[in-house]
Amino acid sequence: LNLGQGNSIYLWERRRVDSSAQAIINAIVAAGVSPTVVQQTAINNFVIGLKTDGLWTMIVALYGYVGGTAGTHAINWKNPGTNNIVWAGTVTHNANGITGDGTTGYGETGITPAAVGTLGGGSVYMRALPAGDNNAPFGMANTGGTLQYGIIFNVAFSQNYGRWGVAASLALVSAAPTVGMFSVNRTTTTALRYDKNGVSAATDATLSATAASSEFTFPVLARNDGGSVGNFSEENDC
């Protein structure tokens with residue numbers, strides 16, 4: 001800072017690194033990858049933004065897919081070391097995130113709908129489309145399929161939709177999905193909302209279950225259907 005007349009004051013500012021962001025960075029390093037300065041700054045800004053907007057405490061699990069490896073992509077950013085993803089089958093890991101093979105690849109989170117809550121939901125950013133129908137970026141159905149949670153992409157069949165509660169409650173878009181951010185959220189027992197890029201794309205007012213199921217857990221790139229993993233997706237998520 002130049003004050004004129006030959007007088008100058010030099011200021012150095014050390015950027016504040018949020019403690020939660022530092023825990024994420026430490027976990028990525030422990031998994032064998034050193035994030036770049038740009039990546040570290042992005043992680044820090046992202047976490048601070050979530051906290052500033054009052055969203056951080058509402059999140060049960062968050063997978064950022066930074067680092068390009070199975071180990072770094074497994075990290076639960078909300079609480080590294082807890083509910084880290086366990087990968088199975090063929091999943092491609094690189095700088096673009098994760099890509100399923102549509103037949104065997106998925107990741108087990110260990111998280112149940114009950115852990116998220118009856119009034120809850122989930123989101124995914126899809127960078128490249130799957131090829132077929134009934135592809136699940138994440139999902140779960142209880143025994144008998146009376147309760148269903150998650151998102152389904154039907155590319156060839158031209159549908160995409162979200163569920164969170166009773167199977168009859170379906171927020172449906174009658175068009176093939178395109179890339180972007182998708183979210184399903186049960187905001188009240190009679191309000192289900194399905195968003196694309198933060199804008200409501202479909203809603204449903206069917207009464208939800210009074211309590212979310214704890215019977216099975218969520219995979220990513222697939223759906224747990226009554227204890228059997230299926231609906232594999234070859235989409236690219238990041």
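## Asn134

Asn134 is partly exposed, at a relative accessible area of 38%; that class lies between buried (under 20%) and exposed (over 50%), using a 1.4 Å probe and protein chains only. The model is predicted: local features need pLDDT of at least 70 and side-chain atom pairs pLDDT 80 or more, while totals for chains, interfaces and linings use all residues. Residues are numbered from 1 along each chain as its sequence is written, and side-chain values use heavy atoms, without hydrogens or water.

The loop between strand E7 (121–128) and strand E8 (135–141) holds Asn134; strands are DSSP runs of at least two residues, numbered from the N terminus. Beyond its neighbours within four places in sequence, Asn134 contacts Ile152, Phe153, Asn154, Tyr161 and Asn231, where contact means heavy atoms within 4.5 Å. Its C-alpha atom is separated by 9.6 Å from that of Arg223, 89 residues apart along the chain.

## Ala156

Ala156 is exposed, with a relative accessible area of 59%, and belongs to the loop between strand E9 (147–154) and strand E10 (159–166). Apart from neighbours within four places in sequence, Ala156 is in contact with Gly132 and Asp133.

## Nonpolar cores

A nonpolar core is a set of buried Ala, Val, Leu, Ile, Met, Phe, Trp, Tyr and Cys residues joined through side-chain atoms within 4.5 Å. The largest has 30 residues, of which Trp87, Ile151 and Tyr194 touch the most other members. E9 gives the most to this core, with four residues. Another core, of 15 residues, lies apart from it and includes Val33, Val47, Leu62 and Val66.
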